[in-house]
Amino acid sequence: MKIICIGLNYRNHAREMNKPIPTEPVVFLKPDSAILKKNKPFFLPDFSQMIQYETELVVKINRLGKGISPEYAGRYYDEITLGIDITARDIQARNAAAGLPWELSKGFDGSAPLGEFIPVSTMKDVNNIDFRLEINEKIVQQGNTSDMIFNINELIAYVSRYFTLKTGDLLFTGTPAGVGPLRKNDNLVAYLGDKPLLDFMIR
Ligand code: ZN
């Protein structure tokens, strides 16, 4: 399986990063070894001094598809969760300045903690859900999926022009504003609506 991630998909996050609002989705991949499940702890790696969180809605693809049109994209997923796109911001900044790829800053082991998946059918409107991240019981990030620049169906349509989507593939849909550093012994809890889906420690 593959993990497809979207960068800069919320205006307020693009603004805080001093990046222009994208006119097409910004796409990158993480390897499957990045996945962290079952609320296992994340271990701060020794190669970065600036590890940051990005809280994102994650969509699980449930069938094979290529060149999917936006109006049918809703048929290609039925479960979502929250995930953290853990980023080595210092490496990302260094590589971006040199015109180099993002993989080492975004795809390292454990850089994709995933919450418990829940059925889309239990939600009133997947394109209008509040979510938030609390670190040590303090809210650090809040978003609503209606603020995405490219919504879930548009993202599925866009990425499936380039990559055949397969059952089990994951789509990280981008983070709202409020990204920040992770420190040893932080406790992260991510809520979709009022439901905590992810709860883990930084070690
Ligand atoms: Zn991200």
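Select helix H4 (152-159) and strand E12 (170-172): each supplies at least two residues of the lining of the largest cavity. Helices (H or I, at least four residues) and strands (E, at least two) are DSSP runs, numbered from the N terminus. This is a predicted model, in which local features need pLDDT of at least 70, side-chain atom pairs count only at pLDDT 80 or more, and totals for chains, interfaces and linings use all residues. Residues are numbered from 1 along each chain as its sequence is written, and side-chain values use heavy atoms, with hydrogens and water left out.

Next, show the whole lining: Ile4, Ile61, Ile156, Val159, Leu165, Asp169, Leu170 and Leu171. On a 1 Å grid over the protein atoms alone, a cavity is a set of points where a 1.4 Å probe fits but cannot get out, and lining residues have an atom within 4 Å of a point. The lining has seven nonpolar residues, no polar ones and one charged; Val, Leu and Ile count as nonpolar, Asp as charged. The space inside is about 30 Å³, a volume being the space filled by probe spheres set on the points, which are joined across faces, edges and corners.

Now move to the open sheet, where four strands run in the order E11-E10-E14-E15 with antiparallel pairing. Two strands pair if DSSP finds at least two bridges between them. Colour E11 (138-144) and E15 (195-201), the edge strands, each of which pairs on one side only.

Finally, select strand E10 (residues 130-135), which pairs with E11 in the antiparallel sense over six bridges. Pick Leu133 and look across to Gln141 in E11, its bridge partner.

How values were computed
1 Å grid on protein atoms, 1.4 Å probe; cavity = no way out; pocket = protein on both sides within 12 Å on 5 of 7 lines; lining within 4 Å.
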